[in-house]
Every structure is written in structure tokens, then in C-alpha cells.
Amino acid sequence: MMKHTRHLLSTEHLSAQDVLALFRRAQFYLSRLQTHQEFPSLLSGKVILFAFFERSTRTRLSFELAAKKLGATVLQFHTESSSLGKGETFLDTFRTLNAMYIDAIVLRHALSGGAAFLAQTVDTIVINAGDGAHQHPTQALLDAFTLWDQLPQLAGKRLCYVGDITHSRVVRSGIALYRTLNVDVAVCGPPTLIPPMIAEAFNIPVFYRLEEALQWADIVNPLRIQQERIAEGLIPDLKAYFKHYGIQLHHLEQHPDALILHPGPVNWGIELAPEIQQIPQNLILSQVTHGVAIRAALLEWLLSQ
Ligand code: CP
């Protein structure tokens with residue numbers, strides 16, 4: 001079998017040319033999706049395996065939808081009913097699946113570096129659908145594609161992530177991709193949820209006050225807050241978090257053009273006030289639609305040759 005070198009493990013190795021080519025192709029798929037037209041069967045005969053070791057709604061189903069629309073055969077690896085429960089290792093499991101001549105594996109795993117490890121193990125194309133706190137490259141691609149499709153000029157815009165920066169794979173993949181696209185990135189959140197060296201490591205602004213971040217940003221991207229951060233003592237409680245870092249309508253009065261992204265799932269009333277659901281600057285459901293289109297473009301790019 002031939003070892004593939006063409007994977008999507010992170011956004012760090014994507015050139016601006018690659019990204020713009022993906023966006024242009026994704027625009028074609030977006031238009032077909034929105035007008036209920038079929039996709040070309042470019043992946044007919046290809047087999048794509050989905051192995052999600054963590055929960056997912058958006059990533060798994062939008063990838064599956066894109067793959068099926070392109071004519072691929074889709075297999076789901078169910079961790080609970082697999083032989084992992086008999087003690088088979090991750091390595092043996094994927095060596096076994098590799099022997100079935102699958103064309104690509106879409107992997108979500110709690111281990112940072114899980115997708116890179118898999119790419120060294122199998123001969124097939126590996127697509128990282130989120131690995132620990134490391135990378136979620138298709139989330140960054142769909143976020144940037146949503147903005148590129150919405151704004152006449154994306155380069156030069158300023159985007160600020162708000163929330164749990166320390167544990168976020170969305171931030172790490174976003175910082176690398178936005179840098180390639182000349183979008184300025186900053187982070188904002190409580191000091192307990194921001195790695196101390198992030199400003200030096202990435203040369204980005206860090207805000208501890210939401211109002212200052214909103215003064216700076218054209219686009220604000222809150223992140224999901226997990227309950228376990230309270231037990232870990234990193235935030236006092238969710239009410240206090242919302243008071244200091246939750247985006248509310250009154251914040252947007254000063255910034256009526258600010259766009260709002262969120263990777264989902266959203267904790268309404270914690271990261272964002274529920275009223276934000278009704279305003280046109282909220283692009284959260286548009287991100288989901290763009291996610292199907294960019295994943296179709298990516299599958300075509302990686303698999304159709
Ligand atoms: N944004 C994201 O990865 O959502 P899911 O966990 O639902 O896939």
C-alpha cells in the first residue's frame with residue numbers, strides 16, 4: 001500500500017493559495033446546497049470512514065452529508081460497539097481498518113496529536129476533525145469561509161476569540177489560518193483561561209476586559225465554556241462568567257457592525273445572551289451551512305485525484 005502524504009492535520013501548512021482555492025470551490029457547493037441541486041459524484045467508489053471518539057453533531061454530520069452528496073461510501077466506526085471494548089488497541093484497530101483499503105479516515109480524538117499519530121500508522125488520507133486542545137482545522141476553514149463569503153474584504157479585519165483560550169483547539173487552528181489570510185487575531189477572557197505566554201508565542205493582543213476587546217474587534221468569536229472549569233477553580237460560576245464575558249445586546253450598541261461567530265454548541269445565557277439569536281450579525285447557523293460546503297470542497301481536494 002502507498003503511504004499518503006496528503007492529509008489535513010492542522011491549518012499550519014495550508015498556503016493562502018490552497019485556502020482561496022478551497023473557498024472558491026466551497027462557494028460552488030454552497031450555491032448547490034442552497035438551491036437544492038445535486039453535487040457532482042466526484043467521490044463515487046471512494047470509501048470514507050468516520051471515527052469519532054468524542055461527541056459531535058456539526059462536524060460529523062456535515063462531513064457525512066458532504067461525503068454522501070459527492071457519491072462516497074460512508075462507514076461509521078462506533079467506539080462503543082467496536083472491539084475496543086474487548087481490549088483491542090487504537091493501533092491494532094486502525095491497522096485492521098487500514099487493511100480494508102479505506103480511502104480516508106475522519107478522526108476526532110481527545111488526544112492532542114491523535115490525528116498525526118494515525119497518519120503515521122495508516123496508508124490512507126487522515127482528516128483531523130478535532131484532536132484534544134491542538135487543532136480543529138475544518139472549523140477554522142468554515143469560520144474563515146463564512147466571513148470571506150460575507151465580507152467584501154477579509155484581509156485586514158480583526159477577530160477576537162473570547163473565553164477558554166487554554167483548552168481551545170478552535171483558537172489554535174484559527175490563529176494559524178487567519179495569519180495566512182492576513183486577519184488579525186486577539187484573545188480575551190479571564191486570566192485563568194488564557195495561557196500566560198500566548199501573547200509572546202503568537203504575537204497577538206490579549207484582553208482581560210470584554211469591552212476593550214469589542215473596541216478592537218470587527219468580529220467576535222466566543223467559545224464554549226465547560227462546566228468542569230468551575231470544578232477546576234478556573235471560573236467562579238457561570239453567572240459571573242456571563243456578567244464579565246457574555247456578549248449581550250448592549251455591548252453591540254457601540255459596535256453595530258460587529259459580526260458574531262461561535263463554533264457551537266452554544267450555551268445561551270453564558271457565552272451569548274439569548275437575544276443574540278435574533279440579530280443579523282449572528283452568523284452561527286450560517287457557519288453550519290458553510291461547514292457542509294467547505295467540507296465538500298476539502299473532500300474533493302484530498303480525494304478526487
Ligand atoms: N464545532 C464543533 O466541532 O461542533 P461539534 O462538536 O458538534 O462537531
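**Aromatic pairs, a salt bridge and a domain interface**

Modeller: The count of aromatic pairs comes to 15 in this structure. In one of them, Phe90 and Phe94 have ring centres 4.7 Å apart and planes at 50°. The model is predicted, so local features need pLDDT of at least 70 and side-chain atom pairs pLDDT 80 or more, while totals for chains, interfaces and linings use all residues. Residues are numbered from 1 along each chain as its sequence is written, and side-chain values use heavy atoms, without hydrogens and water.

Colleague: What makes Phe90 and Phe94 a pair, and which class does it fall in?

Modeller: Rings of Phe, Tyr and Trp (its six-membered ring) pair if their centres lie within 6.5 Å; planes under 30 degrees apart are stacked, over 60 edge-to-face, the rest tilted. At 4.7 Å and 50°, Phe90 and Phe94 are therefore a tilted pair.

Colleague: Why are Phe90 and Phe94 separated by about one helical turn?

Modeller: Because they are four residues apart in helix H3 (residues 90-98). Helices (H or I, at least four residues) and strands (E, at least two) are DSSP runs, numbered from the N terminus.

Colleague: Why is the contact between Arg169 and Glu54 called a salt bridge?

Modeller: The rule asks for a side-chain nitrogen of Lys or Arg within 4 Å of a carboxyl oxygen of Asp or Glu. Arg169 and Glu54 meet at 3.1 Å, N to O, so the name applies. The whole structure holds ten salt bridges. This one links distant parts of the chain, 115 residues apart: Arg169 lies in helix H6 (residues 169-180), Glu54 in the loop between strand E1 (47-52) and H2.

Colleague: Which residues make up domain 1 and domain 2?

Modeller: The domain assignment (automatic or from a database) gives 16-136 + 288-303 as domain 1 and 137-282 as domain 2. Their centres, over C-alpha atoms, are 26 Å apart.

Colleague: How do you know that the two domains touch, and how many residues take part?

Modeller: Contact means heavy atoms within 4.5 Å; by that rule 29 residues of domain 1 meet 24 residues of domain 2.

Colleague: What area is buried between domain 1 and domain 2?

Modeller: About 2,200 Å², with carbon and sulfur atoms giving 66%. The value is the accessible area (1.4 Å probe) that the two parts lose on being put together, summed over both. In domain 1, Phe23, His136 and His290 lose the most area to domain 2, together 32% of what that side buries.

Colleague: How many salt bridges join domain 1 and domain 2?

Modeller: The count between them is one.
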